[in-house]
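This report looks at a predicted model.

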Amino acid sequence: MSRIKGCRIYHRIYSTPSSDVNQPSQPYSVLLKANHRQGALIFESGVVAELTSSEYSSLSQGYSKISDACACLGVLVTRPGLLAGGVDIRINESISYLVLVTDCRSVGKLTNFEVFQIRAVHFLCLRQANFEEEALGEIRKFLSSGAFYFSRNVSNDCPYDLTLNFQRQAEIFSKRFLVDNNDLTDPFRATICDDIHSLADTDLRFLWNRGLMSYFARAGIRPQEWTVSIICGYFKDSIVFCGPKQARLGIVSRLSAQHAGTRFYARGVNDEGDVANFVETEQVFIYYALINSH
C-alpha cells in the first residue's frame with residue numbers, strides 16, 4: 001500500500017445525476033487539494049481554475065470528500081465516439097478525467113528525494129459522478145504496470161522532477177547562480193522559472209504525462225505545482241560500504257516517450273530524429289556531500 005497522501009479530492013453533486021452522460025442534469029464540481037500547496041483547484045463545467053486559501057475555505061463547506069490520492073498526474077481528455085464502460089452508450093463529445101495515483105510503493109531514496117513506483121491509478125470523471133469509459137481500462141493497466149515512477153522531496157513533500165539527471169540539475173543550478181536577478185535583459189530570465197523543477201527545465205524526452213499536464217497549461221495554471229512528473233523505466237538504490245563508512249549507489253533508467261513502442265511499430269529513427277525506445281541509464285554514487293553521476 002502507499003505510504004503517502006499527496007492530495008485530497010472533494011466533489012459536489014448539485015442534483016441526482018442523469019443516467020445519460022450525453023445529457024447531464026446539473027454541473028458536477030470537483031476540488032483538488034494538494035497537501036504541499038495553499039488553495040485548491042476547482043473543476044466545473046469543463047473549466048479549471050485556481051482558488052486562494054480563503055476561497056477554498058468558504059467554498060469547501062458544500063463539498064464532500066471522495067478519497068485521498070498519492071499524487072495527481074493531470075487530466076485526460078477522451079475523444080468523442082467511445083463506448084461507456086458496462087453500457088452500450090455512444091459518447092457524443094469529449095469527456096475529461098482527473099488521473100490520480102491511488103497506490104504506490106516507496107522504492108528508495110537519493111539525496112533529498114524519495115522515489116515511488118506507481119501501482120494503481122484512478123480516472124475521476126469531471127462531467128458526472130461514477131462514470132468511466134470502457135477504453136480507459138487498458139490505460140489504467142498500462143500506468144499500473146509497475147514501470148512508472150515519480151518522486152517527492154522528503155523535506156517539504158513537494159514534487160521532484162525525476163526526468164532530470166544530476167548532471168543536468170547541476171547545469172541548471174550553475175546557470176541560475178550566474179544570473180543577475182537585477183538584470184531584466186538577461187536571456188536566462190525569459191526561460192528559467194522560480195524553481196528548478198519547473199516545466200521549462202523538465203527533460204521532455206522522458207516526461208510520460210506531458211499530455212496530461214497540458215490541460216493545466218492551456219488554462220494558465222503551472223502544471224508542476226499540482227502534478228508530479230513520471231518516468232517510465234527502472235529505479236534501484238542500495239547501501240554500499242567504503243571501509244567503515246557508508247555510501248549510497250543508485251541506478252535510474254529512463255525510457256524516452258518520444259518514439260516508444262514494440263519493435264514491430266517503433267524502429268530506427270522518426271522524422272524528428274528520435275531513436276526508437278531510447279533509454280538513458282544514470283548511475284549515481286553518493287558519499288556524504290559528494291555526488292558522482294555518470
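## A loop residue and its surface patch

Val275 lies in the loop that links strand 12 (245-255) to strand 13 (279-287), where strands are DSSP runs of E with at least two residues, helices are runs of H or I with at least four, and both are numbered from the N terminus. The relative accessible area of Val275 is 45%, so the residue counts as partly exposed, a class that falls between buried (under 20%) and exposed (over 50%), with a 1.4 Å probe and protein chains only.

Together with Val269 and Phe278, Val275 forms a nonpolar patch on the surface, and the three have about 260 Å² of accessible area together. Such patches take residues with over 30% relative accessible area and no salt bridge, nonpolar side chains (Val, Leu, Ile, Met, Phe, Trp, Tyr) being joined within 5 Å; a salt bridge is a side-chain nitrogen of Lys or Arg within 4 Å of a carboxyl oxygen of Asp or Glu. Areas come from the Shrake-Rupley method with a 1.4 Å probe, and for residues only the protein chains shown count as cover.

Tyr97, placed in strand 7, is buried because its relative accessible area is 0%. Although Tyr97 and Phe123 are 26 residues apart in sequence, their C-alpha atoms are 5.5 Å apart in space, and the contacts of Tyr97 (heavy atoms within 4.5 Å) beyond four places in sequence include Phe123, Leu76 and Leu136.

## The whole chain and its confidence

The protein chain has 4 helices and 14 strands, and 45% of its 294 residues are buried. The mean pLDDT (the predictor's confidence in each residue, from 0 to 100) is 82, but pLDDT stays under 50 over residues 182-198.

Residues are numbered from 1 along each chain as its sequence is written, and side-chain values use heavy atoms, leaving out hydrogens and water. Because the model is predicted, local features need pLDDT of at least 70 and side-chain atom pairs count only at pLDDT 80 or more, whereas totals for chains, interfaces and linings use all residues.

Note on methods: Patch = residues over 30% accessible without salt bridge, like charges linked within 9 Å, V, L, I, M, F, W, Y side chains within 5 Å.
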